[in-house]
Structures are given as C-alpha cells and as structure tokens.
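Please open the model in your viewer and keep the selection tool at hand. The tour below goes from one stop to the next.

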Amino acid sequence: SAQNGLRSLRPPRSRRPRRNLIKEGRKRDTGHRTAPLRLLLQATNSGDSTTSPPSSPPSPTTAMSRRGDWVYENNGGTCVAIAGADYCVVAADTRLSVGYNILTREHSKICELADKCVIASSGFQGDIKALQKNLAARELLYQHQHNKRMSCPAMAQLLSNTLYYKRFFPYYAFNVLGGLDSEGKGCVYSYDAVGSYERTGYSAQGSGSTLIMPVLDNQLKSPSPLLVPARDAVTPLSESEAVDLVKDVFASATERDIYTVCFPLSVPRDHRLLLFIHLPLY
Amino acid sequence: MEIDEHVGCAMSGLIADARTLVEHARVETQNHRFSYGEPMTVESTTQAICDLALRFGEGEEESMSRPFGVSLLIAGHDENGPSLYYTDPSGTFWQCNAKAIGSGSEGADSSLQEQFNKELTLQEAETIALSILKQVMEEKVTPNNVDIAMVAPNYHLYTPAEVEAVIARL
C-alpha cells in the first residue's frame with residue numbers, strides 16, 4: 001500500500017535505545033586523566049614528612065584509590081642549588097627510598113645536560129630518569145642542529161615545555177636547574193611538577209625542601225622579584241662559602257627528614273666554575 | 001620581508017613561492033623562541049628554509065611536484081654578528097659578504113666585487129647598494145619603486161622618506 005511505500009523510504013530506526021550523552025557525561029568520572037595530577041598536588045600540599053609514606057594512595061576514602069591504579073611513587077630526596085656571581089652550586093643527596101625502606105644509598109639525582117647546565121630532580125625516579133634522558137637527547141639534537149651547546153636559559157625553557165606537555169599525566173619530578181648563563185653569571189631555575197618556572201638566586205626542592213628553604217632565605221636574603229629596577233638575585237658569597245652553606249643546610253635537613261641524609265665527606269670537584277656535589281650517605 | 005626581529009630576507013623569482021618559504025621560516029623561528037626562549041641563529045633559519053626547498057614542501061599532502069622557483073638573500077644578526085646567506089632553488093646555501101640576485105645580478109655582482117670592502121659603514125653600504133641597483137634598473141630610482149631594509153641589529157624596512165634621504169646622497 002501507499003503507506004508501506006512511504007515507510008520504506010524512511011531510514012531504518014536503530015534498535016538500541018537513544019543515549020542521553022549529557023547526563024552520561026555528568027555521571028562519568030571525567031577526571032580520569034587529571035586524577036593523577038590532583039593526587040600529586042594533594043601529596044605535595046600535605047607535606048611529605050608529616051603524613052604516612054606517600055607510596056600508598058593518600059587515603060582510603062579518595063575516589064582514586066577505589067580505582068586501584070596509583071602509578072606514582074615518591075622516592076624521596078632533596079635537591080638544592082645556589083647561584084653566585086660566576087659559579088653555581090647544585091647539590092642532591094643520594095638516598096633512594098620507598099616507604100620506610102631504603103633501596104640504595106648511592107643513587108645520583110643529578111644529571112649534567114650541557115657543559116654549563118646541570119639538573120637535579122627529586123620525586124619519582126622512574127619519571128626522573130625518563131625526563132633527564134629526554135632532555136639529554138634533546139640537547140644532543142640541538143647541538144647537531146645549531147652547532148653549539150644549549151645554554152642554561154634555553155634548557156630552562158625546554159624543561160618547562162617538556163613538563164607542561166604532560167600536563168594531564170605529569171612527570172612526578174620536582175626539578176632544580178642550575179648553571180651559568182651566556183654572560184657567565186650563575187643561574188638557578190626551580191620548577192613545579194607541571195613546568196611553572198622562575199629564575200631565582202637559590203632553590204630547594206624535594207622532601208627536605210620545607211626544612212631547607214627557610215634557612216636559605218635567612219642566609220641568602222633574596223631581593224623581592226617585585227622590586228623596580230630589578231635587582232640581581234645571585235648571592236655575593238664566594239664559592240667556598242656557598243659550598244659550606246650547602247653542606248650545613250643538608251646536615252640540618254638530615255636531622256629531621258628521614259628521606260634525606262648526608263655524610264660529611266670531602267666533596268669531589270667537577271668543574272672550576274660549576275660545582276655539583278653528590279653527598280653519599282652511610 | 002621580515003622573518004623575525006633579527007632576520008630579514010629579500011627574494012627574486014616566483015614571489016608566491018617565496019612567501020611560502022618565508023612563512024615557513026617565520027613559524028620555525030617562533031617555534032624556536034617558544035621551545036628555547038632565545039632567537040634562532042641566522043644559519044639555522046637558513047637551514048630551515050633550505051630543508052623545505054629541498055623537499056619541495058612539507059608532508060605528503062602539501063609537498064609540490066616542482067622546486068620552489070626562488071632565490072633568497074637572508075640577512076640577520078645573531079651572537080656571531082651580522083651575516084648574509086644566499087639560497088637557490090636546489091636548497092643549497094652559501095654565506096656571503098655581498099651578493100646580488102635577479103635579472104641584473106651578473107653585472108651587479110661584479111660591481112659589488114669592486115666596491116665592497118669589510119670596513120664599510122652602514123651609510124656607505126646604503127649608498128653603494130643603491131648606486132649598483134641604479135645601474136641595473138631600467139627606470140629612474142625613486143622612493144616608490146625601490147625598497148631598502150637593514151638588520152642592524154633589528155630588522156627595519158625604510159620608509160619612503162628614509163629612502164629619499166639615501167637617494168639624495170647618490
């Protein structure tokens with residue numbers, strides 16, 4: 001009949017019920033990609049030394065622990081850098097831990113990326129190894145393409161971009177970049193987990209940073225970045241005084257932070273102008 | 001045309017092709033600034049242009065089936081001082097102290113050989129460049145049919161008034 005003919009012209013109706021995607025979207029956990037970031041920020045804000053070992057999910061009641069896919073781990077450690085007029089000191093302890101256990105006492109958190117640029121990172125060592133490898137490879141590519149080594153400010157920008165690239169599944173790495181800029185002055189750049197960075201005169205990152213930063217603030221008294229005209233943040237201390245300060249500051253942090261240790265050995269000197277100290281513990 | 005604050009270029013040949021190359025160079029220099037927070041060296045900029053010229057374009061869809069029919073003179077200032085590079089459609093580039101490209105380039109090149117020396121000031125260079133151009137141009141040199149640009153250390157395209165001033169010195 002004519003009615004049947006008309007019906008056959010219409011497109012076939014789907015057997016499945018229509019889904020209300022808007023209602024579904026509200027119900028679904030849309031933060032599944034951002035969840036690691038939220039927890040990362042929670043972990044850092046709460047302060048590592050006072051809560052339970054952060055290798056387990058922060059608390060049983062958070063939504064993420066129900067999912068059971070917490071992919072990060074905090075291997076502890078502290079990194080410090082101080083910039084001077086013609087030098088930069090970068091130091092990190094060498095303990096690798098997980099929870100209340102020590103994995104090794106001789107693990108270096110420092111990587112020399114270019115002849116005038118050194119990075120020290122604390123946090124999750126898996127991500128740190130990947131990040132430092134990535135940066136070293138990019139530096140080599142830059143060297144081949146532009147026929148010169150990367151300067152410290154260039155590496156600073158690159159690190160910021162690399163971290164932000166993984167904004168929604170971050171590198172669990174708290175970095176301090178130290179080195180000499182193109183004029184030969186010391187520079188220190190400190191970062192958060194997603195790439196926000198600032199050039200400063202000194203910095204501490206990692207589990208002992210809350211214990212160390214106030215001491216550095218007291219000793220090095222950085223001028224405010226809001227001052228006009230801008231004042232230099234590098235310290236007028238000499239290189240040996242800065243090294244002594246770093247050693248003292250690690251000794252203080254070691255007293256109270258279980259993830260940081262240092263042993264007062266004499267430190268090997270790697271460069272004339274750029275000194276990085278690996279502090280082995282016993 | 002300006003490629004970046006510290007690099008400019010002059011073109012001869014198929015101007016439409018030249019614009020594609022310049023656009024690519026602009027993107028590359030800004031990418032470099034974004035990634036590394038510093039200006040790209042002039043040689044690297046030239047290399048980026050020549051990479052494109054060599055492949056006849058980028059990617060599968062956008063690459064052409066013929067070379068870019070244009071020669072460029074890329075002038076810039078970086079940490080190694082001022083430099084000039086000359087590129088041709090094959091994707092080769094040379095660094096020069098002085099070069100002329102285009103239909104009157106042979107005569108202009110030989111005049112440059114005679115008149116160039118390393119101690120030229122900017123003013124003398126302006127005068128020499130314009131006088132050589134006058135020799136090879138058929139019409140009279142006026143502020144409206146001649147463009148002058150310099151990179152010292154930033155790119156600047158002369159206004160007609162400034163060109164007039166140089167013409168007056170010829």
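Begin by selecting B:Leu73, whose bridge partner in strand 4 of chain B is B:Tyr86. This is a predicted model, in which local features need pLDDT of at least 70 and side-chain atom pairs count only at pLDDT 80 or more, while totals for chains, interfaces and linings use all residues. Residues are numbered from 1 along each chain as its sequence is written, chains are lettered from A and ligands numbered from 1 in the order in which they are written, and side-chain values use heavy atoms, with hydrogens and water left out.

Next, select residues 70–78 and 81–87 of chain B, which are strand 3 and strand 4, joined by seven bridges and running antiparallel. Strands here are DSSP runs of E with at least two residues, and helices are runs of H or I with at least four, numbered from the N terminus; two strands pair if DSSP finds at least two bridges between them. Widen the view to the open sheet of five strands in chain B, which has the order 1-2-3-4-5 and antiparallel pairing. Its edge strands, strand 1 (2–4) and strand 5 (93–96) of chain B, each pair on one side only.

Now move to chain A and select A:Tyr191 and A:Tyr197, an aromatic pair that is stacked, with 5.3 Å centre to centre and 10° between the planes. Rings of Phe, Tyr and Trp (its six-membered ring) pair if their centres lie within 6.5 Å, and planes under 30 degrees apart count as stacked, over 60 as edge-to-face and the rest as tilted.
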